[in-house]
Amino acid sequence: MKDKQPKAESQLQVETDLKALTSVLEWLENIVLPMIPADFWWQCRLIINEGFTNAVRHAHQNLPPATPIDIEVKVFADYLEIRIWDRGQPFNLEAKLHSIMQEQRDPLDREGERGLVFMYKLTDELRYIRTDDRRNCLVMRKNIT
């Protein structure tokens, strides 16, 4: 899968500001909407909304607003990949998701962690990795076909 060339790819950098979400969503829509099934768009919109919001509210909560968040999207014939880089402290996504799913109540009843559940359920691959340049990268892959 790694040797396939994307049909489209783009990068965007925004400051740590929830108001930038409008620009992020417009940017994503211009790239992916013409290449994906129409009913697929709302899921892409939701996962980038949650990923970006988490970077602003959690990863960058103690960082200056000028701290950049980098976003990349690649559209392949059979899947879409979105990457969001933050400069916050490392976070164990797998452990957090496991903890949420082990609880007796519905994970969607938890307002503070609902976004993680949405991203997990709406993607085919969800990872959060620490990169060599001391950033974190949220990788979200969604099959199109």
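Predicted model: local features only at pLDDT ≥ 70, side-chain atom pairs only at ≥ 80, totals over all residues.
Trainee: What makes the five strands an open sheet, and in which order do they stand?

Mentor: The five strands form an open sheet in the order 1-2-3-5-4, with antiparallel pairing. Strand 1 (8-15) and strand 4 stand at the edges, and each has a single partner strand, so one side of each is left without a neighbour in the sheet. From one strand to the next, the twist averages 15 degrees.

Trainee: How do you know that strand 4 and strand 5 pair?

Mentor: Two strands count as paired if there are at least two bridges between them, and strand 4 (residues 125-130) is joined to strand 5 (residues 136-143) by six bridges, with the two running antiparallel. Tyr 128, for example, has Leu 138 in strand 5 as its bridge partner. The pairing of strand 3 (residues 79-86) with strand 5 is judged by that cut-off of at least two bridges, and these strands pair in the antiparallel sense over eight bridges. Here Trp 85 has Cys 137 in strand 5 as its bridge partner.

Trainee: What is noted about Arg 134 in the hairpin of strand 4 and strand 5?

Mentor: This hairpin has five residues between the strands, and Arg 134 takes a positive phi near 65 degrees there. Arg 134 has this positive phi although it is not a glycine.

Trainee: Why is Arg 134 called exposed?

Mentor: A residue is called exposed when its relative accessible area is over 50%. Arg 134 has a relative accessible area of 63%, and therefore it is exposed.

Trainee: Which elements does helix 2 lie across?

Mentor: Helix 2 lies across strand 1, strand 2, strand 3, strand 4 and strand 5, and it runs at about 10 degrees to strand 3. Helix 1 (residues 21-32), for its part, lies across strand 1, strand 2 (68-75) and strand 3, running at about 15 degrees to strand 2.

Trainee: What makes the pair of Gln 43 and Lys 142 a polar contact?

Mentor: The N or O atoms of a polar contact must lie within 3.5 Å, and the side chains of Gln 43 and Lys 142 are joined by one of 2.8 Å. Asp 78 and Lys 4 also have a polar contact between their side chains, in this case of 3.1 Å.

Trainee: Why is Asp 78 called partly exposed?

Mentor: Partly exposed covers what falls between buried, under 20%, and exposed, over 50%. Asp 78 has 23% relative accessibility and therefore counts as partly exposed. Asp 78 is placed in the loop between strand 2 and strand 3, and, not counting residues up to four places away in sequence, it touches Lys 4, Asn 143, Ile 144 and Thr 145.

Trainee: How do you know that the buried residues of helix 3 line one face of the helix?

Mentor: The buried residues of helix 3 (residues 93-102) are Leu 93, Leu 97 and Ile 100. Seen down the axis of helix 3, they fall within an arc of 60 degrees, so they line one face. On the other side of helix 3, Glu 94 and His 98 are exposed. Helix 4 (114-122), strand 4 and strand 5 are included in what covers the buried residues of helix 3.

Trainee: What makes Asn 92 a cap of helix 3?

Mentor: Asn 92 caps the N-terminal end of helix 3, where one of its side-chain oxygens lies 3.3 Å from the backbone nitrogen of Glu 94.

Notes: Residues numbered from 1 in each chain as written. Heavy atoms only, no water. Polar contact = N/O pair within 3.5 Å; in protein donor to acceptor, adjacent residues only side chain to side chain. Helix = DSSP H or I, 4+ residues; strand = E, 2+ residues; numbered from the N terminus. Buried < 20%, exposed > 50% of the residue type's maximum accessible area, 1.4 Å probe, protein only. Arc of directions from axis to C-beta. Contact = heavy atoms within 4.5 Å. Axes fitted to C-alpha atoms, helices over the stretch in contact; angles between N-to-C directions.
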